[in-house]
Amino acid sequence: MLSNDSTPYLGVSQPISVAPPDEKDIKLTQELDEALRSLDYFESDDELLQRVEVLRNVNMLVKKWVVKVSEAKMPREECEKVGGKLFTFGSYRLGVHTKGADIDSLCVVPRHIQRSDFFTTFYQMLKEREEVADLHAVEEAYVPLIKLKWKDIELDILFARLALKEVPDDQQLNDDVLLKNLDEKCVRSLNGCRVADEILRLVPNQENFILTLRAIKLWARNHGIYSNVVGFLGGVTWAILVARICQLYPNAAPAKLVNRFFIVFSTWSWPHPVLLKDVDSSPRPDIPSLIDLVWDPRIRPADRYHLMPIITPAFPEQNSTFNVTVSTRQVMMNEFAEAKTITSNILSNTNTWQEFFQPVNFFTRYKHFLVLVCAAASKEEHLVWVGFVEANIRHLVANLERNRAVKLSHVNPKQYLPIKPYQFRIPEVDDPVCSMWFIGLDFDRELARNVDFTNEIRKFNELIESKRNTRRHSGEEAYNNKMQTLVTYVQRKIVHKWLTKKDMTQGRKVSAAPITRQPSVGSSSQASPVPQANSERMRRNSANISLDSSALLESPSTSSQSPAIFASPIVTTTVSRFAENEEPPEKKMCHSASMPNMPPQATSDRQAAPQLPLENPENANAEHGDNLMLLNNTRKDESDFNWICEQSKRSDSTATNGNQDSPNPIHV
């Protein structure tokens with residue numbers, strides 16, 4: 001649908017605002033671009049041309065390889081027509097790759113080429129090239145691939161075989177019918193390219209989308225929340241969120257889009273899903289095996305337990321945030337709230353983009369940490385083992401969340417190298433190759449008097465051993481007994497024995513954010529920081545941290561009997577006041593009324609929302625007041641619409657009554 005000024009209306013709802021940028025927005029966008037360039041975030045023209053040349057050479061090699069394999073399977077005159085093509089996806093395809101970043105690519109071949117050919121003859125052709133280094137095949141991965149460096153540019157090459165006789169140079173992958181008769185590995189390999197292309201198709205202005213996404217990704221990396229593996233968000237997920245904001249503000253400049261990103265998603269009512277298009281109205285091919293993979297909490301009970309569903313726009317539409325835990329979601333929501341304040345100050349000229357992009361010092365957030373050590377006997381074994389352990393860290397975080405004394409367990413995605421002498425011992429290995437992750441802990445002041453993590457660590461160790469044994473039984477010899485993991489407790493005051501001074505002091509100092517419970521849909525209450533008077537009355541509680549002694553080397557610095565001082569924040573039940581022109585915290589943004597825990601009859605409403613007739617879209621917030629949450633609600637039934645309006649009024653009344661009471665601190 002198009003408005004009178006030809007602004008494209010994309011997505012599952014109408015835009016919040018279609019107002020064009022003013023001079024201030026354009027100036028702030030220029031400053032944003034300059035800030036990114038000052039951080040050496042962009043590649044030079046020569047580096048970009050080198051990437052293009054590398055991709056051209058690999059594409060030519062793919063064609064030669066397809067012809068070579070085809071000669072043994074068909075007449076020679078037909079071999080020259082079969083083709084083969086190299087596609088790109090990920091950050092490079094979206095136009096947001098950074099200096100030194102790798103290139104995600106996909107080798108697409110016709111039906112007579114087998115996956116075994118890819119990992120034998122094509123691998124051998126790469127091995128014979130002088131430009132290739134660090135060649136490594138990962139054939140048993142969830143998405144099998146070949147990793148290499150071509151003239152110092154890292155490439156990940158996936159494989160997909162189409163059910164076609166030929167793959168010409170103009171072959172496209174957006175047709176869902178291409179997925180017919182393909183195995184699951186080929187479907188997963190194709191998904192990266194198809195999702196990237198669909199995201200670019202669904203944004204109203206690709207140039208604004210690219211600059212906004214660059215800013216958001218750099219901010220996420222500097223705040224330690226860019227990692228799909230450990231339970232945060234990956235590159236594709238950040239792209240989907242930015243694309244949704246571009247749909248809601250199709251004409252806004254990137255500077256304002258960055259601010260609106262944090263305003264919307266800091267008040268989003270999870271687990272309402274983020275969707276870029278109405279999946280029910282989109283035509284789908286008749287492929288039952290793939291239709292069963294589509295994310296749909298109405299018919300798939302397991303999908304109702306996803307905490308932060310962000311759905312990919314290409315068929316089969318799936319949740320890209322399966323690894324998110326309660327703690328990682330809370331960490332991201334805290335970061336969104338802080339960034340909303342900073343970007344709002346940037347729009348009012350009281351902060352700068354340099355402050356927005358400044359890295360955060362993880363070790364100033366918490367006083368207590370668990371250290372997960374990953375050790376192996378050699379660099380080659382460590383490279384294999386560290387990837388295996390990293391993929392399972394989210395299970396350790398989930399185990400810690402179940403401990404009643406833990407309010408938050410925040411894993412830092414960055415890997416650190418321990419300094420010598422090591423504060424631990426690895427049995428059977430004299431000089432191990434080690435890396436480690438730090439998990440910041442925030443405790444409940446009432447329950448954290450004697451914390452015992454023995455059970456949580458034991459379950460994690462059992463999981464690691466179980467998966468290691470499973471892979472051994474499947475024929476993988478890469479995992480041996482010299483590959484080990486250790487989990488130990490460390491206080492902030494002795495972290496200097498584990499890390500270099502540079503690692504400890506990098507980034508600006510911050511205090512731990514208040515830990516708040518996720519309010520239910522329609523609730524207007526939100527936790528606010530404790531008044532200073534209450535903070536002064538807080539007493540420090542001592543606690544003993546008990547760990548699995550069989551997994552640790554006891555030392556005076558890491559003894560489980562040493563006391564730990566807690567300073568966990570107390571939160572209140574009162575509603576925080578908000579500044580003028582700031583989005584009220586109780587307004588929860590959502591564009592779907594499909595709650596994952598609702599019965600099927602309550603979630604069969606995935607129709608596109610009707611367009612609200614707004615004469616002045618820029619004043620939409622003022623016109624609709626506290627019902628802003630309904631601007632992108634997809635309920636089609638008027639009675640449902642009135643019901644939500646009534647709930648919003650009741651929430652406002654509750655919030656007003658709550659503000660009349662004196663602050664009532666509660667321990668969470």
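This is a predicted model: local features need pLDDT of at least 70, side-chain atom pairs count only at pLDDT 80 or more; totals for chains, interfaces and linings use all residues.
## Annotated site

The unreviewed UniProt entry carries a "binding site" annotation.

## Ser91

Ser91 sits in helix α4, residues 90-94. Its relative accessibility is 15%, so Ser91 counts as buried, the cut-off being under 20%. Beyond its neighbours within four places in sequence, Ser91 contacts Val96, His97 and Lys217.

## Asp156

Asp156 belongs to strand β5, residues 153-161. At 10% relative accessibility, Asp156 is also buried. Neighbours within four places in sequence aside, its contacts are Asp102, Ile103, Asp104, Ser105, Leu145, Ile146 and Lys147.

Five strands form an open sheet in the order β1-β2-β5-β4-β3. The pairing is mixed. Strands β1 (85-89) and β3 (132-138) are at the edges. Each has a single partner strand, so one side of each lacks a neighbour in the sheet. From one strand to the next, the twist averages 25°.

Strand β2 (residues 103-109) pairs with β5 in the parallel sense, over 7 bridges. Within this region, Ser105 has Ile157 of β5 as its bridge partner.

## Helices on the sheet

Helix α2 (residues 45-70) packs on the sheet and touches β1, β2, β4 (145-150) and β5. Its direction makes about 35° with that of β5. Helix α6 (residues 184-201) also packs on the sheet, touching β1, β2 and β5. For α6, the angle with the direction of β5 is about 125°.

Technical notes: Residues are numbered from 1 along each chain as its sequence is written. Side-chain values use heavy atoms; hydrogens and water are left out. UniProt positions are given in the numbering used here, feature names are shortened, and annotations may be inferred rather than shown by experiment. Helices (H or I, at least four residues) and strands (E, at least two) are DSSP runs, numbered from the N terminus. Buried means under 20% relative accessible area, exposed over 50%, partly exposed in between (1.4 Å probe, protein chains only). Contact means heavy atoms within 4.5 Å. Two strands pair if DSSP finds at least two bridges between them. Axes are lines fitted to C-alpha atoms, for helices over the stretch in contact, and angles run from 0 to 180 degrees between N-to-C directions.
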